[in-house]
Amino acid sequence: MYYKSTRDSSVKITSAEAIVQGISKDGGLFVPSEIPSVSMDEIVKLGDMSYPERAAFIFSKYLTDFTDAEIRYCTDNAYTSKNFATENIAEISHLFDGTYILELWHGPTCAFKDMALQILPYLLTTSAKKINIDKKIVILVATSGDTGKAALEGFADVPGTQIMVFYPEDGVSPMQKRQMTTQDGENVAVCALKGNFDDCQTGVKQIFGSKEIAEKLEANKLMFSSANSINWGRLAPQIIYYISAYATLVKDEEIKAGDKINIVVPTGNFGNILAAYYAKNMGLPVNKLICASNTNKVLTDFINTGIYDRNRDFVTTISPSMDILISSNLERLLYIMCGQDDAQIKEWFGALSKTGRYEVTDEIKAKLKADFAAGFCTDEETKAEIKRIYDKYSYTLDTHSAVAVKVYEDYKAETGDATKTVIASTASPYKFSASVLEAIEGEKSSLDEYAMIDKLNELSGYEIPASLAALKTKPVRFSDVISKEEQKDYVLKELGL
């Protein structure tokens with residue numbers, strides 16, 4: 001298995017090289033040259049395996065330059081009770097008839113990003129050894145809230161690495177901000193940007209592509225890599241939990257082997273639902289992939305019209321991890337759908353860069369409609385859904401998972417589709433306690449962040465994650481706030497260049 005660039009199909013590198021580089025030098029994203037298959041018999045057999053064993057099996061399909069021992073080293077160290085609060089790693093809650101909540105937030109930072117970012121440091125350092133990299137790897141991360149903390153947690157004090165995280169100053173929840181600014185580790189740095197997530201992400205991509213900075217890195221035995229889902233090593237682990245969930249549902253006799261399911265994903269950068277698309281194309285029986293957006297509904301509009309247009313107001317919502325108008329992973333999807341036509345990808349994404357807009361062909365529009373459905377909901381609808389589910393099922397959703405449930409309910413009402421459905425739940429409600437409490441109680445709370453957590457514990461009965469409770473007494477280490485124009489200089493200063 002080799003990896004190509006979405007903007008240059010002649011690129012041919014191993015998975016280890018793709019993981020270390022993070023992003024192609026031409027600005028494209030690395031994709032496997034083909035999508036491997038998994039049979040129904042293999043999926044059924046996964047039901048009798050542990051999560052690390054399931055992960056190793058799926059990784060073996062993509063990381064063909066890794067030995068079995070190298071893959072098991074990564075999976076056995078990442079997916080442990082030391083890192084996750086549940087033996088199953090990803091829990092499945094049966095919410096109501098035929099609907100299952102895939103809880104992806106039982107890791108150390110209480111968000112789905114842990115599912116990939118607990119293993120990425122192992123994949124990255126193993127890859128670096130395989131290809132004889134003798135440079136320090138500098139991880140640059142743009143975050144809308146959850147990726148930053150999960151990456152910091154994964155890479156803190158990992159030998160041979162340094163990590164810098166940029167987040168929008170007013171675009172994360174108080175708990176997300178405190179998680180990042182109190183981070184331990186001698187090799188970490190955290191900085192707020194005056195702007196939104198797209199500004200953070202654009203700046204990081206520009207720094208990656210700077211020849212001037214590349215020369216300085218080379219002269220000082222440094223190299224950049226990424227922990228965002230533009231890195232294949234971040235995306236590949238996300239494929240696993242969709243296949244794993246199906247195997248569990250078969251084993252528990254909730255579905256029969258071969259039955260189709262729907263998968264609903266709340267997403268802004270399109271990585272988490274793209275992983276489900278890869279799972280489907282590997283052979284997972286999926287009827288519809290349902291893309292759930294908040295008011296920043298650029299993805300909903302794209303799937304429904306084939307027109308991607310980021311020229312719109314950016315809205316700060318109560319589901320901040322989805323406050324994104326430039327969805328990087330869409331490039332991978334379109335590369336697959338247009339038959340790996342790199343010239344077409346360069347045309348579309350060149351237009352996006354210059355004008356903020358592109359429109360795909362009728363053929364691609366038809367393919368989008370065949371695989372995907374899409375919807376969005378407002379903050380008020382999100383809060384109403386949290387309240388409805390809490391009252392009816394005594395289940396507490398966070399502000400992102402509630403978007404997914406609401407969009408699914410709208411989809412079901414519109415289509416009458418009764419296919420059994422897995423909804424990706426992407427964060428613990430404790431990470432957004434102010435909004436969740438307001439939704440349940442009907443008014444804004446006057447309590448401080450930690451008193452709100454105690455109150456939410458009283459209402460929900462969910463155990464307070466130890467990592468969040470400990471933040472109350474942790475000192476803030478990082479308080480820098482810069483403009484987007486200062487991002488490059490900040491990186492050079494942190495690297496001593």
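**Figure 1. Strand 5 is mostly covered in this predicted model.** Strand 5 spans residues 99–103, and five of its five residues are buried. Buried here means under 20% relative accessible area. Thr99, Ile101 and Glu103 point one way from the strand. Tyr100 and Leu102 point the other way. In a regular strand, side chains alternate between the two faces of the sheet.

**Figure 2. Strand 5 pairs with strand 4 and with strand 15.** Strand 4 covers residues 91–96 and runs antiparallel to strand 5, joined to it by five bridges. One place to look is phenylalanine 96, whose bridge partner in strand 5 is threonine 99. The hairpin of strand 4 and strand 5 has two residues between the strands. Glycine 98, in this hairpin, takes a positive phi near 75 degrees. Now turn to strand 15, residues 421–425. Strand 15 pairs with strand 5 in the parallel sense, again over five bridges. Here leucine 102 stands opposite alanine 424 of strand 15.

**Figure 3. Three strands form an open sheet in the order 2-1-3.** The pairing is antiparallel. Strand 2 (8–13) and strand 3 (30–32) stand at the edges. Each has a single partner strand, so one side of each is left without a neighbour in the sheet. From one strand to the next, the twist averages 40 degrees. Strand 1 is made of residues 3–5 and pairs with strand 3 over three bridges.

**Figure 4. Helix 13 is mostly covered.** How many of the eight residues of helix 13 (298–305) are buried? Six are. They are Val298, Leu299, Thr300, Asp301, Phe302 and Ile303. What covers them? Just after helix 13 comes glycine 306, with a positive phi of about 80 degrees.

**Figure 5. The largest nonpolar core has 111 residues.** In soluble globular proteins, nonpolar side chains tend to be buried together. Which members of this core touch the most other members? They are Ile239, Tyr242, Leu334, Tyr358 and Phe372. Helix 11 (residues 232–251) gives the most to the core, with 13 residues. Take isoleucine 239 as an example, leaving aside its neighbours within four places in sequence. Isoleucine 239 is in contact with Ile58, Tyr62, Trp232, Ala275, Tyr278, Ala279 and Met282. Another core, of 39 residues, lies apart from the largest one. Its members include Ile389, Ile423, Tyr430 and Leu468.

**Figure 6. The largest pocket is lined by 35 residues.** About 1,000 Å³ of space lies inside this pocket. Which lining residues lie nearest its centre? They are Ile23, Ser24, Lys205, Phe208 and Gly209. Several elements give two or more residues to the lining: helix 9 (197–208), helix 10 (211–219), strand 9 (222–226), helix 14 and helix 15 (342–355). Helix 9 gives the largest share, five residues.

Technical notes. Residues are numbered from 1 along each chain as its sequence is written. This is a predicted model: local features need pLDDT of at least 70, side-chain atom pairs count only at pLDDT 80 or more; totals for chains, interfaces and linings use all residues. Side-chain values use heavy atoms; hydrogens and water are left out. Two strands pair if DSSP finds at least two bridges between them. Helices (H or I, at least four residues) and strands (E, at least two) are DSSP runs, numbered from the N terminus. Axes are lines fitted to C-alpha atoms, for helices over the stretch in contact, and angles run from 0 to 180 degrees between N-to-C directions. Buried means under 20% relative accessible area, exposed over 50%, partly exposed in between (1.4 Å probe, protein chains only). A nonpolar core is a set of buried Ala, Val, Leu, Ile, Met, Phe, Trp, Tyr and Cys residues joined through side-chain atoms within 4.5 Å. Contact means heavy atoms within 4.5 Å. On a 1 Å grid over the protein atoms alone, a cavity is a set of points where a 1.4 Å probe fits but cannot get out, and a pocket is an open set with protein on both sides within 12 Å along at least five of seven lines; lining residues have an atom within 4 Å of a point. Grid points are joined across faces, edges and corners, and a volume is the space filled by probe spheres set on the points.
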